[in-house]
Amino acid sequence: SHAKEILHCLKEKYFKELQDLEVDGQKVEMPQSLSWYPEELAWHTNLSRKILRKSPQLEKFHQFLVSETECGNISRQEAVSMIPPLLLNVNPHHKILDMCAAPGSKTAQLIEMLHADMNVPFPKGFVIANDVDNKRCYLLVHQAKRLNSPCIMVVNHDASSIPNLQIDVDGRKEVLFYDRILCDVPCSGDGTMRKNIDVWKKWTTQNSLQLHGLQLRIATRGVEQLAEGGRMVYSTCSLNPIENEAVIASLLEKSQGALELADVSSELPGLKRMPGIIKWKVMLKDGQWFEEWKDVPSNRQTQIRPTMFPVKDEEKLKAMNLDRCLRILPHHQNTGGFFVAVLIKKSPMPWNKRQPKVHQKVPQRTGNTEVTAANSDNGSECIAEEPSLAENEESKKIQELQNSDTEQSKKEGVCGPPPSKKMKLFGFKEDPFVFLPEDDPLFLPIQKFYALDPSFPKMNLLTRTQEGKKRQLYMVSKELRNVLLNNSERMKVINTGIKVWSRNSDGEQFGCAFRLAQEGIYTLYPFIHARIINVCIEDVKILLTQENPFLSKFSSETQKKVKDMAMGSIVLKYDPDPEKPGDLQCPIVLCGWQGKTSLRAFVPKNERLHYLRMMGVEVFKAKRKEEELESKTEEGIHKVLPQTEERMDVEDKEHDLVTKMEADLGEEPSRSPVESSAMEVENKIEGLDQSSKNANSHVSQESKDTDASNGKD
């Protein structure tokens with residue numbers, strides 16, 4: 001409902017203001033909706049970054065885009081990169097794996113699809129978003145956090161050997177298979193040549209030759225973890241057949257009929273596409289062309305592999321239906337170049353078919369996972385691959401730990417970081433995920449204070465501290481809890497859960513030491529039965545525009561409700577009136593605090609501006625005044641940053657940097673309605689340049705040519 005309100009606001013206000021506007025003597029082109037994206041929810045503008053940032057006439061529109069992006073209501077993304085999630089056909093009950101997820105735009109689309117019904121706080125499905133690069137994982141967390149979902153987990157693994165996870169099904173351990181997998185692999189990025197100047201400087205045919213093997217391994221690992229009947233979308237921002245059709249053809253050939261290419265010609269009407277190609281040649285850096293594997297001299301056979309060549313057998317080739325792949329060409333609809341293939345899994349992969357008896361007698365090792373049994377009746381498979389020496393040692397360590405530590409920590413509900421040495425060589429050491437014990441005395445006052453429904457899933461509450469005071473409480477869905485508890489040794493979890501309560505020392509005297517957090521309010525609200533105040537639209541405006549308004553400023557109904565309520569954290573709820581179509585038509589839930597004589601909202605700045613915009617309040621000037629009044633810490637930050645950086649980049653970089661801290665921040669300033677603190681940025685600002693540079697490339701452990709993988713998104 002919020003998306004529809006934003007669309008209405010864009011069309012009725014911001015786009016109208018762009019009509020007949022001239023910048024530097026040129027008429028501004030109106031933004032256009034993408035005809036193939038459902039419900040007009042994607043728009044394209046030809047305004048360049050420079051014009052958008054520098055023109056005073058466009059400052060209001062620019063500010064709107066930055067602010068709405070910040071609070072997760074808008075995502076800026078390359079148009080073609082929106083296609084893969086749409087072709088996955090996600091439903092709210094699907095278990096989804098995003099294999100190479102950073103920077104996270106596609107992940108955000110997947111989360112949005114899980115929450116198609118806003119009345120369901122915990123969809124049965126979830127997204128596990130993975131990336132090999134530890135730094136980019138925090139960028140991913142930042143993107144996902146904007147959507148406030150309890151159904152997302154960010155993990156840090158090499159996608160080509162991502163471990164098998166186990167889940168508990170009626171007391172029985174089973175391998176987790178995904179209903180949908182997004183496999184947007186690292187690529188040479190030659191499809192981005194219109195916007196990426198590096199491609200012109202650094203492109204060579206070598207890029208694709210070096211990436212082909214990695215791409216094939218990632219795609220193979222993906223289909224192994226796909227459930228029967230599941231869908232996997234393979235995509236690249238490259239047009240080179242060696243990274244595209246060659247990978248798909250090789251995958252189809254070794255699947256021996258277990259996989260098929262889906263015909264998606266009727267999906268996304270309006271999208272101009274070309275069919276996949278069936279013939280191509282392979283070229284070396286020095287300009288030598290090869291049509292068949294047999295032509296490749298032996299001294300070149302390490303660079304060129306047999307899987308890079310087209311299939312010669314006409315019958316096999318026809319059965320593959322490579323023409324069902326999608327090639328998006330830049331000049332057809334003013335986009336980047338892109339390749340997409342949709343695969344459907346009809347049966348287990350041939351190398352995974354094992355007799356059940358063998359499973360029980362001989363534990364099969366899977367990378368760094370050990371799976372001892374699989375149920376062949378429901379198509380569960382056990383994937384047996386040759387583990388490397390390091391992985392073998394790791395498996396042995398895990399095996400030793402499993403009988404003692406795992407059982408103990410599971411009883412305590414602790415999901416610590418993996419004990420593997422290999423993992424600690426890179427990245428930060430993550431805090432453990434500790435689920436609240438059944439009888440934790442912490443929860444009783446919370447339950448009483450907010451009159452939580454008996455159906456409230458308190459077992460899904462977790463904290464990031466094992467000892468000492470618990471400062472923040474987070475929440476995950478039941479399904480993700482299952483994944484976390486059963487796989488703490490197998491995977492490196494970077495982040496999961498949304499913050500629902502924050503410790504507030506002032507609250508203790510009123511009966512509850514925890515105040516509600518705005519991030520998790522839409523998840524919590526259905527379970528709260530006390531401390532809810534229904535407010536009218538005028539009250540909402542007062543709450544969002546004034547720092548600490550006196551009760552006398554509110555409507556008499558609100559004043560009456562507040563009178564009988566104890567001081568402390570409250571929920572402020574606005575319900576739209578269908579008889580007043582001029583008013584805001586989507587419900588709003590805000591966290592607030594009731595003092596002795598005043599009432600206030602605890603809402604982050606950008607979210608505050610978002611709600612005001614939706615209500616038709618002009619925030620442009622208000623924001624300017626706020627900026628002047630704000631403490632000089634923020635000005636200090638901008639001075640420290642290189643002067644040459646544009647403001648939009650600055651905001652992006654600051655946020656990329658603080659994502660590491662997001663999960664385990666201390667208590668926010670209790671006096672400021674703006675929950676995000678400028679100090680977090682200031683503390684980290686010195687390392688900004690280096691961190692941002694590092695976060696820009698998708699570093700593959702297996703690819704020698706890091707330049708080649710820079711084209712990813």
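## A walk through cores and rings

Start by selecting Trp36, Ile128 and Ile248: in this predicted model, they touch the most other members of the largest nonpolar core, which has 95 residues. Now colour domain 1 (2-71) and domain 2 (79-100 + 159-276 + 312-348); both give residues to this core, so it lies between them.

Stay with Ile248 and show its surroundings. Beyond its neighbours within four places in sequence, Ile248 is in contact with Tyr234, Leu261, Leu322, Cys325, Phe339, Ala341 and Leu343. Another core, of 43 residues, lies apart from that one; pick it up through Leu21, Leu584, Ile588 and Leu599, which are among its members.

Next, the rings. The whole structure holds 12 aromatic pairs. Select Tyr14 and Phe64: with centres 4.2 Å apart and planes at 25°, the pair is stacked. Tyr14 belongs to helix 1 (residues 2-18) and Phe64 to helix 3 (residues 59-70), so the pair ties together parts 50 residues apart in sequence. Tyr14 is buried at 3% relative accessibility, and Phe64 is buried at 0%.

Then jump to Phe456 and Phe527. Here the centres are 5.4 Å apart and the planes at 80°, so this pair is edge-to-face. Phe456 sits in the loop between helix 15 (443-449) and strand 22 (461-463), Phe527 in the loop between helix 17 (521-524) and strand 27 (532-534).

Last stop: charges over rings. The charged end of Arg481 sits over the ring of Phe435, 5.0 Å from its centre. At Arg515, the charged end sits over the ring of Phe602, 4.2 Å from its centre.

Methods: Residues numbered from 1 in each chain as written. Predicted model: local features only at pLDDT ≥ 70, side-chain atom pairs only at ≥ 80, totals over all residues. Heavy atoms only, no water. Core = buried A, V, L, I, M, F, W, Y, C linked by side-chain atoms within 4.5 Å. Buried < 20%, exposed > 50% of the residue type's maximum accessible area, 1.4 Å probe, protein only. Domains from an automatic or database assignment. Contact = heavy atoms within 4.5 Å. Phe/Tyr/Trp six-rings, centres within 6.5 Å; stacked < 30°, edge-to-face > 60°. Helix = DSSP H or I, 4+ residues; strand = E, 2+ residues; numbered from the N terminus. Lys NZ or Arg CZ within 6 Å of the ring centre and 35° of its normal.
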